[in-house]
2 protein chains.
Amino acid sequence: MKVSIVGTGNVAHHLAQAFADSEVTVHQIYGRDEIEAEQIAAICNSTYVTDVNLLDIVDVLLIAISDDSIRAFVKTLPQKIKEECIVAHTSGTKPIGALKGCEHKAIFYPLQTFTQGLDVDFSNIPICLNGKSKTVKKLNLLAQMISGNIRYLSDEERKQAHLSAVIINNFTNHLIYLAKDRLDRLELDPTILDPLLQETIRKQKLLTPYEAQTGPARREDVKTISKHLDMLEGDDQLKELYQVISDSIIKIYS
Amino acid sequence: MKVSIVGTGNVAHHLAQAFADSEVTVHQIYGRDEIEAEQIAAICNSTYVTDVNLLDIVDVLLIAISDDSIRAFVKTLPQKIKEECIVAHTSGTKPIGALKGCEHKAIFYPLQTFTQGLDVDFSNIPICLNGKSKTVKKLNLLAQMISGNIRYLSDEERKQAHLSAVIINNFTNHLIYLAKDRLDRLELDPTILDPLLQETIRKQKLLTPYEAQTGPARREDVKTISKHLDMLEGDDQLKELYQVISDSIIKIYS
């Protein structure tokens with residue numbers, strides 16, 4: 001199976017690495033910026049092009065560019081590519097219809113947080129596929145080369161999964177930031193929280209988050225909550241968050 | 001060093017286990033409920049009493065009962081205990097003054113989330129100590145028997161650490177609950193989020209949470225945020241949280 005990748009960002013980078021690790025042949029990398037395209041190509045030992053008209057026919061063309069560039073980019077693709085290749089994008093939010101004009105359109109969405117320079121283990125990352133059955137069947141073979149966690153989600157289901165991913169990743173990360181930043185500002189060592197954070201996540205493997213919930217809001221301990229809100233006086237952002245999340249916990253358990 | 005434990009709840013239970021594992025001699029367990037006291041005593045091979053007047057003189061008496069019971073309980077302690085023992089409580093929020101009348105009052109606060117039936121590895125749990133220097137010195141010997149992570153925090157500092165612990169544990173756990181519960185309600189498999197959650201936490205060891213932040217709010221991608229808010233229509237709790245946390249992230253990065 002021959003695959004080419006469009007894009008030079010985080011997702012393109014990590015896919016190139018995953019394919020290289022799994023001995024999937026990456027035929028070409030496309031990028032507008034030559035230096036960046038060359039860098040990604042070097043990872044997976046492929047060639048690179050900066051002109052869409054130089055893209056060869058492959059089994060799968062993966063479009064890993066920013067959400068809002070997908071539609072415009074697809075319009076520039078040569079007709080033979082649109083007709084003969086599976087063209088799949090990697091966005092969590094854009095519908096499959098963003099690949100308008102492609103005969104074999106599909107989705108290949110890895111649900112994970114990618115950070116430049118931080119290798120990830122793809123073997124367990126959910127790869128969310130969508131498309132016509134024949135297309136998905138072929139894409140499935142490719143996905144299986146890099147992950148053991150393949151999912152079939154409609155556009156609507158994938159959007160919902162993406163929204164939940166924002167909550168479980170972006171929002172928890174922000175809470176970690178706020179908690180540690182506050183200790184930092186108070187000249188207390190934020191690493192005091194690290195074992196607790198590790199345990200918080202370890203517990204998720206052993207209990208449901210409903211069971212794992214502890215703390216003043218879970219107990220509806222309004223005295224402690226009110227003391228905490230007093231302590232957060234002047235720290236408006238955190239105070240509002242504390243109030244809203246505590247209210248939300250109380251609603252669930254009351 | 002001889003230690004006795006007051007209480008039969010989660011903290012008492014896990015301390016008894018930690019001492020048993022570290023071959024610290026637990027002399028007595030005190031509990032009002034005989035069956036519960038006997039259960040804890042069995043963990044650490046100690047005896048138990050249900051009458052405070054039967055408490056023997058030990059090096060350290062650890063009071064691991066609910067915050068609001070500490071003051072009243074201390075009043076019932078025999079005078080000889082108050083004079084001769086180090087009396088330390090394990091609360092994150094109550095001041096050392098809650099041990100009024102004790103000659104050698106102190107704090108022995110393990111900053112961790114304890115769940116019944118779920119063993120924890122104490123070796124890395126921060127044990128927060130407070131008290132007069134001679135008292136803390138002795139307590140430090142005890143703390144070192146079960147943990148390599150000893151901290152010295154004033155009442156005010158400990159309260160701040162506890163507040164941050166609520167944010168980093170209780171609140172992140174609630175977000176995990178909300179994200180998974182939503183998928184559940186939509187009849188989507190919530191385990192799709194597990195690898196992402198693991199990676200979210202793994203990243204904390206490699207990056208600061210400030211650097212690790214990704215997502216629509218970090219990019220100030222108001223289009224995606226507004227789409228997500230539309231999707232959350234009718235899911236009022238989550239919608240409010242989404243708005244407040246996104247605003248908070250935008251404020252940090254703008």
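Biologist: What share of the contacts in chain A with a separation of 6 or more comes from residues 24 or more positions apart?
Modeller: Those residues account for 53% of them. Keep in mind that this is a predicted model.

Biologist: Thanks. How many helices and strands does chain A have?
Modeller: Its secondary structure comes to ten helices and eight strands.

Biologist: And what box do the C-alpha atoms of chain A fill?
Modeller: Roughly 70 × 35 × 30 Å, taken along the principal axes.

Biologist: Let's zoom in on one residue. Where does A:L175 lie?
Modeller: You'll find A:L175 in helix α6 of chain A, which covers residues 155–185.

Biologist: Is A:L175 buried or exposed?
Modeller: A:L175 counts as buried because its relative accessibility is 1%, and the cut-off for buried is under 20%.

Biologist: Which residues does A:L175 touch, leaving out those up to four places away in sequence?
Modeller: In chain A there is A:I245. From chain B come B:I167, B:F171, B:T172 and B:L175.

Biologist: Last topic, charges. How many positive and negative side chains does chain A have?
Modeller: There are 28 positive and 34 negative ones, and the centres of the two sets lie 8 Å apart.

How values were computed: Residues numbered from 1 in each chain as written. Chains lettered and ligands numbered in written order. Predicted model: local features only at pLDDT ≥ 70, side-chain atom pairs only at ≥ 80, totals over all residues. Heavy atoms only, no water. Helix = DSSP H or I, 4+ residues; strand = E, 2+ residues; numbered from the N terminus. Buried < 20%, exposed > 50% of the residue type's maximum accessible area, 1.4 Å probe, protein only. Contact = heavy atoms within 4.5 Å. Lys, Arg positive; Asp, Glu negative; His and termini not counted. Charge placed at Lys NZ, Arg CZ, Asp CG, Glu CD.
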